[in-house]
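Biologist: I would like to learn how to read salt bridges in a model. Please take me through the cases one by one.

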Amino acid sequence: MTIEKRALFLIICFFILASLLPRIEAALGVSPGKVDINYQPGVEKKIIFKILSDSNRKLEIFSEGEYTEYLKFDKTELSGAGQFEATFRMPENIEKPGKHQIIVGVRQKVDEELSPTGGATIGTSITIKAPIYIHVPFPGKYAEASLSSGDVNSGEPITFTLQIDNLGKEDISTQPQIEIYSLQSSGNNLTEILLFKPRQIKSQETIRLKKILNTSNYSPGLYKGIAIVDYGPETAKAESQFKLGNLLVKVISYTDTIIIGGMRNFKIWIESNWNNIAENVYADVSFLNNSQKEEVLTTFRTSPTTLLPWGKADLSGFFDSSNFSAGSYRANMSLVYMDHVSEKSGSVKFVKQYDLLMIGIIISLALLIVLVIVLSVKIYNLTHGKSKTRKNTRKK
């Protein structure tokens, strides 16, 4: 086959495949992504949904879940991007309090007509969904709380966000507070209380409050904030843990066994206690013998890395292990980062390839012996049980 014929053949194959492949939709979205409705018997609620699409492909609108019979659409199909209106007439009575859900969905319609060649057209359907939440109030007074915070460096302010949802049929009065606890090794210690102003929260109302904690007198570590919302007969609580960091990178693990022979890789796993990026972090490693003189046998430097806030990473360095004998050696690891140094010392065992192989053989033999014993006991019990059965049959 000549070059021209090959090129023509490839072009024909390309167009055949292109006609069979489904069209790839780059985007299909819905706004709003969710809707919250406070339940009011018989009240009608209208919602406009906007559909984002990069094609004119047909879209069908559907719903699923509870109370779909109370949901109506002004249209059932769209051609590409557009919008539609959903009308939800709330039932006269919903006995069960709490959150109920209806799903509003849009999906691409797949063209199932036959192609000119007689085969079915290949198509894919993308579906997007948006929930409608109906919040039915609880009898009497009932509230829920949620608390959020973030991790900062020691000395920086931390912002708490407290959300209170009055989910009851009655209004409530409360003066929220946040208790700050230190979660150090000594236990949970109350360090400070943040007070809010007294609040009136109406039935089915949600409020969001912010409070800033000054951490200039706090030491680095792990802490917890507990929000307490006392509204009379009941109390709503919420928790949020947070960390106060300092510029510290520490070793959390390292290679503890090296096989003697040639160039070997030594790895150090590290963790940052800092709420900022730490760049160009590396380690200088020295191996010392266990004699009284503690002579340095070799030194090397790992490759550098960048640590994200509160991030973890590993450092890797190579050295020649040919001059080591079997035994334990002390490894001194100096982590260098942002004009700081953290020291870590540990024991590393050097073993010969033969020793490691022997250990594997011994473990395998031990497992094999255990397996043989277990199988022998099972076979014995099986045969012994059969012999007893035969004796009993003969006696009868």
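Modeller: This is a predicted model. In it, the side chains of Lys 267 and Asp 314 meet in a salt bridge, with N and O 3.6 Å apart. The pair joins distant parts of the chain, since Lys 267 sits in strand β22 (residues 263-272) and Asp 314 in strand β26 (residues 312-320), 47 residues apart.

Biologist: Why does Lys 267 count as partly exposed?

Modeller: The partly exposed class lies between under 20% (buried) and over 50% (exposed) relative accessible area. Lys 267 has 26% relative accessibility, so Lys 267 counts as partly exposed. Asp 314 counts as partly exposed because its relative accessibility is 36%.

Biologist: How are Glu 60 and Arg 107 classed by accessibility?

Modeller: Glu 60 is partly exposed at 25% relative accessibility. Arg 107 is partly exposed too, with a relative accessible area of 29%.

Biologist: What does Lys 46 form with Glu 44?

Modeller: Lys 46 and Glu 44 form a salt bridge, their closest N and O atoms lying 3.6 Å apart. Lys 46 has 48% relative accessibility and counts as partly exposed. Glu 44, at 37%, also counts as partly exposed.

Biologist: Which residues are linked in a network of salt bridges?

Modeller: The network links Glu 44, Lys 46, Glu 85 and Arg 89.

Biologist: How many salt bridges does the count come to?

Modeller: The count comes to eight salt bridges.

Biologist: Now the protein as a whole. How many helices and strands does it have?

Modeller: The protein has two helices and 28 strands.

Biologist: What share of contacts between residues at least 6 apart in sequence join residues at least 24 apart?

Modeller: A contact means heavy atoms within 4.5 Å. Of the contacts between residues at least 6 apart in sequence, 65% join residues at least 24 apart.

Biologist: And what share of the residues is buried?

Modeller: Of the 396 residues in the protein, 34% are buried. The protein exposes about 24400 Å², and carbon and sulfur atoms supply 54% of that area.

Note on methods. Residues are numbered from 1 along each chain as its sequence is written. This is a predicted model: local features need pLDDT of at least 70, side-chain atom pairs count only at pLDDT 80 or more; totals for chains, interfaces and linings use all residues. Side-chain values use heavy atoms; hydrogens and water are left out. A salt bridge is a side-chain nitrogen of Lys or Arg within 4 Å of a carboxyl oxygen of Asp or Glu. Buried means under 20% relative accessible area, exposed over 50%, partly exposed in between (1.4 Å probe, protein chains only). Helices (H or I, at least four residues) and strands (E, at least two) are DSSP runs, numbered from the N terminus. Accessible areas come from the Shrake-Rupley method with a 1.4 Å probe; for residues, only the protein chains shown count as cover.
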